[in-house]
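Here is a friendly walk through one protein model, from a single residue out to the whole chain. Please keep the structure open beside you as you read.

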Amino acid sequence: MTRIQKTVFVLVALVAVVLGLTVHRVLNGERQADPTQLLDAGIVLLPQSRTLPALEMVDQNGEKVVVDQLKDKWSLLFFGYTFCPDICPTTLAQMRELKGLLPQQARDNLRVVLVSVDPNRDTPQQMKQYLGYFDPDFVGITGDLPTLQKLANAVSIPFIPADTSKENYTVDHSGNLVILGPDGTQRGFIRSPLNNQKLKEQLPGLVAPKG
């Protein structure tokens, strides 16, 4: 076999391997994420996953939650609070709508978590009642202010603690969502405002369990 024939043979073999992998992905429902389309949908993936600190918090049922143990599903974390007058109810309504737009497999593998940055007012009972207006499957967690600040800093979602001495105080916070993988590490962000029509096209390929 000549050098040219060998080169052609290697190239043909490589093409066959690539085509085979592509067919395998298509047949198994695995889609290759297009970085440009992800960014257009507001999804920003980190170059390396980020480990969360082992912070102990409490959920809407009054049960202990360790944030680095949010595993087995993909999670979308939204930092907000139940007395928020605008961005929080709007975002939670959008997330409820988004869940309904996703295929069943992706929906079953996705957890929505409200991280309350208003522990002064957001008791477990208050969070549970509030989240029930949107989706009873939504999870609420909170903790003391130092714990919340450690978590916010760890995932790069800042908020400004409120002056709780003022009546009807508000809390300044980000509208971005944090993406956690099923291993409990941070994988990226979803920028606000949410675009559900674009997210419904891009999220399934990210969060659907791989067979």
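Leaving aside its neighbours within four places in sequence, Pro209 is in contact with Gln105 and Asn109, where contact means heavy atoms within 4.5 Å. You will find Pro209 in the segment after α7 (196-207). Helices here are DSSP runs of H or I with at least four residues, strands are runs of E with at least two, and both are numbered from the N terminus. Pro209 is partly exposed, at a relative accessible area of 41%; buried means under 20%, exposed over 50%, and partly exposed in between, using a 1.4 Å probe and protein chains only. Trp74 is 135 residues away from Pro209 in sequence, yet their C-alpha atoms are 9.2 Å apart in space.

A word on the ground rules: this is a predicted model, in which local features need pLDDT of at least 70 and side-chain atom pairs count only at pLDDT 80 or more, while totals for chains, interfaces and linings use all residues. Residues are numbered from 1 along each chain as its sequence is written, and side-chain values use heavy atoms, with hydrogens and water left out.

Now to the charged pairs. Side chains of opposite charge can pair when their charged atoms come close. The structure holds four salt bridges, a salt bridge being a side-chain nitrogen of Lys or Arg within 4 Å of a carboxyl oxygen of Asp or Glu. Among them are these:

| Salt bridge | N to O distance |
|---|---|
| Lys198 and Asp40 | 3.1 Å |
| Lys99 and Asp135 | 3.1 Å |
| Asp183 and Arg187 | 3.2 Å |

In the pair of Asp183 and Arg187, Asp183 is partly exposed at 35% and Arg187 is partly exposed at 25%.

Finally, the whole chain. It has seven helices and ten strands. Of its 211 residues, 41% count as buried. Among contacts between residues at least 6 apart in sequence, 74% join residues at least 24 apart.
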